[in-house]
Amino acid sequence: MKPRRAVTFALLLVFLSVLSVEAYASARFTPDASGPDGGTRDAVPAEISAGGPIVNAGGGPPRSYRLPAKTIALTFDDGPDPWWTPRIQRVLDRYGVDATFFVVGSQVARHPDLVRRLVANGHELGVHTFTHPRLSTLAGWRRRAEYSQTQLAIARAAGVRTSLIRFPYSSQPDAIDDGEWELIREAGRLGYLVVVNDRDSRDWARPGVDAIVRDATPPGDSGAIVLMHDAGGDRAQTVAALDRLIPRLLARGYRFTTVTGGLNHALAHPTLAQNPAASTADRWRGTALVWAVGIADGVLAGITIVFVAVGALAAGRTLLLLALAGRHARRRRSPTWSWGPPVTEPVSVIVPAYNEKEGIAAAVRSLAGGDHPRIEVIVVDDGSTDGTAGIVEALGLPNVDVIRKPNGGKASALDAGVAAARHELVVMVDGDTILEPDAVRRLVQPFADPSVGAVAGNVKVGNRHSLVARWQHIEYVIGFNLDRRLYETLRCMPTVPGAIGAFRRRALISVGGMSDDTLAEDTDVTMALLRAGWQVVYEEGARAWTEAPVTLAELWKQRYRWSYGTMQAMWKHRRALLEKGPFGRFGLPFLALFGVALPLLAPVIDLLAVYGLLFLGWTETALAWAGMLALQVVTAAVAFRLDRESHRPLWVLPLQQFAYRQLMYLVLLQSVVTALTGARLRWQKMHRTGVTGRA
């Protein structure tokens with residue numbers, strides 16, 4: 001495996017592992033349940049079912065214990081909670097009452113300071129599992145993990161351990177069934193005392209303060225373990241009930257204690273320690289666990305923020321496109337609009353060609369036969385080894401010249417053509433591109449305005465028969481239609497496409513001609529023209545048909561070169577941000593935001609979609625995904641209408657979300673890595689079949 005792929009795979013594995021930790025810590029693998037199992041009770045000893053709420057099912061015969069008379073142990077489940085636990089603790093501390101908190105390990109990992117504060121103030125901790133699952137649905141190894149991971153989180157947070165455990169959804173001793181009894185025996189073998197309750201305040205149902213106080217109050221002078229909650233919802237009634245319950249029971253002569261403290265009062269020879277110190281090894285292991293949960297939470301929170309940002313950017317881009325592109329289209333279609341007096345000046349068409357034998361003949365014929373009054377075609381053979389120059393010469397067209405030169409790259413081939421051109425208006429066309437008969441004439445009409453230095457034509461995909469090509473057809477219509485309308489309206493169009501573009505020769509010469517500083521020589525020179533004060537406009541009526549890559553491998557190579565070259569050009573012209581002019585104010589920031597940042601952040605949509613489908617529910621995830629798809633469909637539909645294209649190809653747009661889009665942002669990611677490492681790429685030749693033409 002190549003090092004770059006190995007690093008990518010390793011990063012993906014780490015990222016998936018982090019999301020798995022987040023899903024586990026948030027109980028996504030085993031969603032929260034409700035209610036007891038309700039099985040038979042044949043195997044439960046009478047000592048347990050008719051006994052007290054503290055059960056020891058370890059070595060020896062099972063035993064249960066009750067608290068002494070007039071002894072209350074307040075217990076709180078499901079915390080800690082950053083809002084309610086401190087409020088409950090303040091009430092307890094105000095009355096000098098120590099309580100037992102059965103904590104959820106994942107919450108301990110997220111709020112260790114709350115647990116540390118509880119222990120420092122004399123409160124006791126117990127295990128309430130790590131993710132609050134229905135334990136009867138889990139394998140034995142998973143139950144043991146739920147217990148041990150909570151112990152590790154407690155060790156990291158407060159430096160202590162506990163021998164107390166309460167199962168989620170447990171009740172009173174007489175409700176223990178055979179299934180729960182087996183869980184109790186298992187916990188006993190692991191060294192735990194299982195704690196249920198005498199009085200369930202039912203505060204989780206928020207029945208009102210009076211009802212909570214009534215249900216929590218033991219009859220007569222009997223002792224009791226009282227079940228309450230410090231997390232899992234709104235606990236305002238619990239806080240208010242404590243402020244009423246505690247002074248009322250104190251006035252009746254009750255003493256409040258922890259579960260361990262109450263058990264020691266009940267035993268003839270107290271031996272249990274409350275919150276004994278954890279081992280150093282458990283503290284270190286707990287630290288790793290807490291960090292893992294914290295990192296996972298942070299990553300998911302960051303992804304969520306990025307998702308919102310991506311959604312806002314995508315929506316903003318769509319609205320901007322629709323508003324400005326629509327305005328551009330309406331202005332162009334106005335009966336009174338024109339570029340100015342008809343441009344009939346002669347035109348030099350330059351065709352850089354490197355091994356273009358498959359399509360060069362058709363391309364040159366389409367150029368030489370254009371309906372513009374005078375067209376000079378200059379084919380610059382850049383060291384081809386497949387007989388490209390000979391094919392052109394064999395056509396015998398009177399207005400076509402061939403220049404042969406050693407291979408030096410596309411920029412040098414274009415510069416050679418510009419140097420040989422006899423006319424002021426220069427059109428540049430790729431060697432695999434076929435122009436419609438009126439394309440050159442339409443393309444040069446904007447030069448009626450003397451401030452126009454370059455004109456972008458409308459590139460169309462000719463070979464639309466494969467799925468990959470259809471996807472590119474959709475992309476071309478949107479990118480070359482809506483985007484260029486938007487950029488022209490803002491007077492900052494960043495690219496005149498190499499497939500079909502026109503320039504004033506003196507404008508080209510004024511910025512130093514074509515440069516090989518980047519792989520995107522067309523973008524580079526366009527940016528230079530904008531910085532020099534020239535206008536760059538879009539003529540959608542000048543159509544050129546090109547052959548798009550039909551395999552993902554060829555598409556990858558093409559887009560990799562485009563993306564990397566565009567980044568090179570952006571970096572080269574970065575000082576435009578400090579200059580006056582629309583390119584620095586709008587063009588470069590928009591290109592960075594919508595052309596680089598937005599596609600780079602787009603994987604977040606897919607990551608959250610997968611995470612949502614697995615852990616958050618199909619409905620919410622499907623709605624969010626459908627919303628993003630709807631934005632793309634609306635944008636594509638408008639672009640196709642403005643470009644007078646059939647809407648039939650749009651049926652493949654949803655499929656585009658599952659392969660093409662991922663390929664594009666992987667290409668962009670690789671381009672970013674290449675740019676950061678400072679590597680250079682050469683002008684790559686795509687494989688051509690010659691299947692190019694009006695579809």
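In which sense, right-handed or left-handed, does helix α18 pass helix α19? In this predicted model, α18 passes α19 in a right-handed crossing. Helix α18 spans residues 521-531 and helix α19 spans residues 552-572. Their axes come within 9 Å and cross at roughly 25 degrees. Because angles under 35 degrees count as roughly parallel, α18 is described as roughly parallel to α19. Two packed helices are described by the angle between their axes together with the distance between those axes.

A search of the whole structure identifies six aromatic pairs. One of the ring pairs is formed by Y147 and Y192, with 5.7 Å from centre to centre and 70 degrees between the planes, an edge-to-face arrangement. This pair links distant parts of the chain, the two residues being 45 residues apart. Y147 belongs to helix α6 (residues 140-158), whereas Y192 lies in the loop between α7 (178-189) and β7 (193-195). Both Y147 and Y192 are buried.

A further pair involves W337 and W339, whose ring centres are 4.7 Å apart. The planes of W337 and W339 stand at 70 degrees, and the pair is therefore edge-to-face, since angles over 60 degrees fall in that class. W337 has a relative accessibility of 24% and so counts as partly exposed. W339, at 18% relative accessibility, counts as buried, because the limit for burial is under 20%. Elsewhere, ring pairs join F586, F590 and F594 into a cluster.

Charged side chains are also found over aromatic rings. R87 lies over the face of W83, at a distance of 3.3 Å from the ring centre. Likewise, R574 is placed over the face of W571, at 4.0 Å from the ring centre.

Strand β4 (residues 100-103) and β5 run parallel and are joined by four bridges. Within this pairing, F102 stands opposite G126 in β5. In a regular strand the side chains alternate between the two faces of the sheet. Along β5 (residues 124-127), E124 and G126 point one way, while L125 and V127 point the other way. All of these β5 residues, E124, L125, G126 and V127, are buried.

Key. Residues are numbered from 1 along each chain as its sequence is written. This is a predicted model: local features need pLDDT of at least 70, side-chain atom pairs count only at pLDDT 80 or more; totals for chains, interfaces and linings use all residues. Side-chain values use heavy atoms; hydrogens and water are left out. Rings of Phe, Tyr and Trp (its six-membered ring) pair if their centres lie within 6.5 Å; planes under 30 degrees apart count as stacked, over 60 as edge-to-face and the rest as tilted. Buried means under 20% relative accessible area, exposed over 50%, partly exposed in between (1.4 Å probe, protein chains only). A charge sits over a ring if NZ of Lys or CZ of Arg is within 6 Å of the ring centre and within 35 degrees of the ring normal. Two strands pair if DSSP finds at least two bridges between them. Axes are lines fitted to C-alpha atoms, for helices over the stretch in contact, and angles run from 0 to 180 degrees between N-to-C directions. Angles under 35 degrees count as roughly parallel, over 145 as roughly antiparallel, 65 to 115 as roughly perpendicular and the rest as oblique. A crossing is left-handed if the near helix is turned anticlockwise from the far one by less than a right angle, and right-handed if clockwise.
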